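Let's take a walk through this one together, starting from one chain and ending where two chains meet. Keep the viewer open as you read.

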Amino acid sequence: MNQRPTWQIVLRYVLVLIVVGLFTFPTYWMVSMAFKPKIEWSTAHGTIYWTPQDPTLENFETVLTEYRGKFFRANQSSALPSIRSSIIVSIGGTLFALLIGTLAAYGLSRFSVDTGDLPWYIALGRLALLILVLLPFMVLWAWLGIIRYWYGILSFTLLGIGADHLIGRLLALYYRGPTDSLAFSILQLRMFPPMAIVIPVMIMWSAFKLIDTWYGLVAVYGVVTFPFVVWLMKSFFDEIPRELDEAAIVDGASNWGAFFKVVLPLAKGGLASTALFVFILNWSDFLVALLLTTRDWPTIPVFLNSLVSSEIGAQHGPKAALGLLAVIPPVVFGILIQRYLVRGLTFGAIKR
Amino acid sequence: MDRNVAIPALQEERAKSAARLQRRKFLDMSDVRFFSASLTAPAQYILLFIIMFPLLAEVYISLTSWTPTRGGDWTQAYRFWDWGNNYVEVFRDLAFWQALGRTFLIAGVAVALEFLLGLGIAFLFLEEFPGKRMFYTLMLVPMMIVPAVAGYVFWLFFQSNGPLNAIVSLLIGQPFTLIWLANDVTVMIAVIVAEVWEWTPLMFLIMLSGLVGLPEDQMRAATMLGATSWQKFRYLMLPMLKPIIIIALVIRGMEAAKIFDMVYLMTQGGPAQATETISIYMYKIAFQQVRWSYAAAAAMTILVIMTILASYALRPLQTPQREAA
């Protein structure tokens with residue numbers, strides 16, 4: 001219909017090639033580095049090797065095997081444990097996030113009167129009240145010496161949840177408008193730099209002896225990524241007409257039955273893409289794993305970091321090989337769910 | 001006849017059934033309210049459970065001057081009670097505000113570039129051309145690369161004997177050996193380039209989906225009325241894309257403000273403090289200088305600032321625009 005002149009088509013093609021080339025080059029560089037033998041790693045010899053001249057799998061071998069004291073090379077542990085830990089922790093965190101997130105998403109999608117619009121002064125005021133009320137108890141618990149034990153933390157948390165409820169009720173008496181919004185607080189959780197939260201989480205985790213365990217990481221990953229599950233799954237549930245659950249209930253299903261037997265099977269595709277999406281997020285995490293693991297359960301990015309920072313001689317090749325291994329799962333999964341990437345990363349706000 | 005006429009037996013019957021109804025509302029599995037509450041409750045309580053204690057512990061520590069090096073564990077922090085001195089110190093700390101400013105600078109520049117590039121590339125991909133599918137998939141790869149790995153890749157990329165300098169040398173025809181990561185200005189460029197590289201594909205995806213979804217009739221009408229391409233873009237596409245653009249900018253902005261992994265792998269915040277973002281600043285305070293109470297105070301300050309910013313920034317994400325998108 002609107003046929004463009006040839007020069008425009010050619011120009012577009014050239015531009016596309018340039019742009020895609022620029023965006024692919026860093027990835028290409030890592031991939032090619034992973035297959036280069038040592039002599040081709042850097043330009044120290046005056047030439048730069050754009051492609052591996054003499055492709056080798058040596059780098060993968062180096063990074064995957066344990067190495068102990070020979071000349072010129074430091075002890076180096078194998079990356080295999082970190083790969084294992086990445087897999088276990090990411091899958092566990094994904095399942096945990098899906099478990100709590102999907103239920104909440106269905107609740108928000110079907111029954112919500114939650115406007116999600118909470119003014120910051122109410123959010124902060126509520127927080128300040130809570131802190132004022134609870135701080136003396138915190139000091140008391142510390143003075144009693146029970147706060148370092150799990151039962152001290154548990155009792156304090158229960159007390160805190162009770163106080164939070166009371167404050168919510170109290171505020172609702174004097175302020176007309178939302179004083180509490182699950183949808184908002186879930187989204188807001190994503191706003192904070194994780195660094196601001198992770199320091200006290202470390203304290204709590206060490207009290208529960210959860211540092212450097214897979215379940216400790218799984219718990220944090222679940223909580224960090226479940227906002228995505230809630231918003232993504234909510235957007236999928238919103239697409240399933242309400243009339244379907246109502247019809248199921250009229251036909252004699254219970255509420256839970258309607259959810260598990262009618263709505264969830266319909267949202268199966270969405271659930272699968274959400275799972276892959278959240279898996280990518282968990283797999284990509286560096287900060288949480290850096291702070292909450294030490295020796296037994298470092299994930300791949302943490303291990304990579306330890307290689308980068310403790311290097312003796314530039315081990316470009318093995319690191320690139322490890323990087324390549326680390327990016328294969330997310331890239332494959334990402335391409336599988338490319339239709340939903342936008343929806344996922346915009347909390348379901350843009351659906352296409 | 002009036003239904004509510006006083007017949008004692010009937011009244012009693014009504015009272016009984018009302019009581020039964022009342023009773024059924026308490027812990028009835030088939031009650032919708034109970035159902036909806038039990039759907040959201042796990043999320044709510046797990047959130048509270050995980051946030052409550054760390055939050056209070058953070059406030060508690062931030063009001064003392066305890067650090068692991070002062071002896072005792074954190075539960076004994078009340079012995080070093082210090083009121084709000086840490087907060088005063090945070091407000092006076094130039095490095096804190098510089099780190100915050102630097103974070104917003106990186107986020108602002110990077111997101112703006114990502115937006116412009118993403119929009120431009122989306123226009124390139126608007127029409128069919130041979131191989132589009134493959135190029136499209138290749139374009140998406142950077143955003144799926146683990147950020148820490150991307151940090152390492154760009155660390156390699158910007159080495160003085162790395163590929164970038166080799167390319168520049170080829171172009172200018174003489175050896176070019178700038179040490180990108182050792183200079184205050186070029187290191188910022190390097191960090192922004194890495195961030196832009198990783199997240200432009202997301203902007204591209206969002207913009208492309210927005211452009212594809214534009215109603216075609218209006219475009220055709222504008223063409224027939226003789227609008228130039230620029231006019232169509234400025235007066236038709238841009239206003240219609242506005243909600244999507246706002247959402248994209250907000251979300252990218254808030255994610256970019258949290259930047260840590262990539263910068264940490266590339267520069268560790270250096271040279272000196274040149275690329276110290278707020279996350280790296282807090283990391284250094286807590287784990288290198290081991291000033292925990294001060295780090296806690298800084299973290300609380302960030303939480304307050306971010307809560308205020310979030311409530312304004314998240315507004316476009318709420319329902320009205322959601323339908324427009």
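Predicted model: local features only at pLDDT ≥ 70, side-chain atom pairs only at ≥ 80, totals over all residues.

Helices here are DSSP runs of H or I with at least four residues, numbered from the N terminus.

If you take the contacts in chain B with a separation of 6 or more, 68% of them join residues 24 or more positions apart.

Look at Lys242(B), where α10(B) bends by about 55 degrees; a proline, Pro243(B), follows within four residues. The buried residues of α10(B) include Leu241(B), Ile244(B), Ile247(B), Ala248(B) and Ile251(B). Arg252(B) is also one of the buried residues of this helix.

Most residues other than glycine have a negative phi. Back at Trp83(B), phi is positive, about 50 degrees, although this residue is not a glycine. Is Trp83(B) buried or exposed? Trp83(B) counts as exposed because it has 10 other C-beta atoms within 10 Å, and the cut-off for exposed is 12 or fewer. Over in chain A, Asp212(A) has a positive phi of about 60 degrees, and it is not a glycine either. You'll find Asp212(A) in the loop between α7 and α8 (214-239) of chain A. With 17 other C-beta atoms within 10 Å, Asp212(A) is partly exposed.

Another loop to visit in chain B is the one between α6 (147-157) and α7 (163-172), where Ser160(B) is found. Ser160(B) is partly exposed, with 15 other C-beta atoms within 10 Å. Which residues does Ser160(B) contact, leaving aside its neighbours within four places in sequence? They are Asn165(B), Thr177(B), Leu178(B) and Ile179(B). Ser160(B) and Trp180(B) are 20 residues apart in sequence, yet their C-alpha atoms are 6.9 Å apart in space.

Finally, zoom out to where chains A and B touch. The contact takes 97 residues from chain A and 87 residues from chain B. On the chain A side, the largest share, 13 residues, comes from helix α1 (residues 6-34). By class, that side has 69 nonpolar, 21 polar and seven charged residues.

For a closer look across the two chains, pick helix α7 (residues 194-207) of chain A and helix α12 (residues 278-288) of chain B. Their axes lie 9 Å apart and the helices pack at an angle of about 25 degrees, which makes α7(A) roughly parallel to α12(B). From α7(A) come Met195(A), Ala196(A) and Ile199(A), and these meet Ser279(B), Met282(B), Tyr283(B) and Ala286(B) in α12(B). Sorted by class, this helix contact has six nonpolar, one polar and no charged residues.

Technical notes. Residues numbered from 1 in each chain as written. Chains lettered and ligands numbered in written order. Axes fitted to C-alpha atoms, helices over the stretch in contact; angles between N-to-C directions. Parallel < 35°, antiparallel > 145°, perpendicular 65-115°, else oblique. Contact = placed C-beta atoms within 7 Å. Nonpolar A, V, L, I, M, F, W, Y, C, P; charged D, E, K, R; others polar. Bend = angle between axes of the 7 residues up to and from the residue. Buried ≥ 20, exposed ≤ 12 C-beta atoms within 10 Å, placed from the backbone.
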